[in-house]
Amino acid sequence: MACVTALCVGAVLEKMKSGHFSYDLTHALNGALTGLVSITAGCSVFEPWAAAVVGMVAGVIYLLVSHLLIKLRIDDAVDAIPVHLGGGLWGVVATGLFASPSHLSNLYDNINDPVGGWFYAWSKGSGDATMLGVQLLGLLFIIGWTTAIMLPFFLVLSKANLLRVDALEEDVGLDISHHYARAYNLEGPDKAQLLALMKRRRERDKDRQFGRNNRFEAVVRKIMAQEDNKVRFDNKLVVMEEN
């Protein structure tokens, strides 16, 4: 449901912005992931209809958070924040809204007459928001704990200039320079930047093995073989020859 919702809502937003419908496969896939994340907290206490609603809302939350990051100029190339943070926060809150009293009773023997989520409480005329409050309190604890543990870690990395790679590696792409495959920039990096990065790697790691057995250089060979320019490799020099 999250997949279809993200796909359709994304198309509607594109229609409003540009006047044309455009279906984005990335929105669909990340919407599905956000639905999986959001259903995790309450998967044992949701009715099927509630799970569908949670997934649909998750698709919308993914798109909203993704667009917010772009507006705030926050770099998140794979939309990990909308998927995991946005979906995770919504999943915890959704449990306090949609938890079924019957499922809670089956899961926990010490609860005789559970109220369930807030919507179930409203259906009984009580409006008891105890479970929603507990979920929100737990959410605040998770945010506080994570911030207290990870903020010093990231501050140290930032101070040591280890928080991000240099600009050249960003332009080439970490999928190529560190994972040895093209994943996101399917058109390939700029050839000059690719060769510049390889030369820098050779200068930095002079004692390591280069040539055909080096995985990064093997990827460079493969990419260059698909280009118009001919590239000659040896263990000391990389030369780009024009056709």
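Predicted model: local features only at pLDDT ≥ 70, side-chain atom pairs only at ≥ 80, totals over all residues.

A: Residues are numbered from 1 along each chain as its sequence is written, and side-chain values use heavy atoms, leaving out hydrogens and water.

Q: Where is Thr-95 found?
A: Thr-95 is in helix α4, residues 80-98; helices are DSSP runs of H or I with at least four residues, numbered from the N terminus.

Q: Buried or exposed?
A: Thr-95 is buried, because its relative accessible area is 4%; buried means under 20%, exposed over 50%, and partly exposed in between, with a 1.4 Å probe and protein chains only.

Q: What does Thr-95 touch?
A: Leaving out residues up to four places away in sequence, Thr-95 touches Ala-41, Gly-42, Val-45, Phe-46, Gly-117, Met-131 and Gln-135 (contact means heavy atoms within 4.5 Å). A polar atom of the Thr-95 side chain also lies 2.9 Å from the backbone oxygen of Gly-91.

Q: Switching to α11: which residues are buried there?
A: In α11, residues 215-225, the buried ones are Phe-216, Glu-217, Val-219, Val-220, Ile-223 and Met-224. They fall within an arc of 155 degrees seen down the helix axis, so they line one face of α11; the arc is that of the directions from the axis to the C-beta atoms.

Q: And what is exposed on the other side of α11?
A: Arg-215, Lys-222 and Ala-225 are exposed there.

Q: What about Leu-163, where is that found?
A: Leu-163 is in the loop between α7 (130-159) and α8 (167-172). Leu-163 is partly exposed, with a relative accessible area of 46%.

Technical notes: Helix = DSSP H or I, 4+ residues; strand = E, 2+ residues; numbered from the N terminus. Polar contact = N/O pair within 3.5 Å; in protein donor to acceptor, adjacent residues only side chain to side chain.
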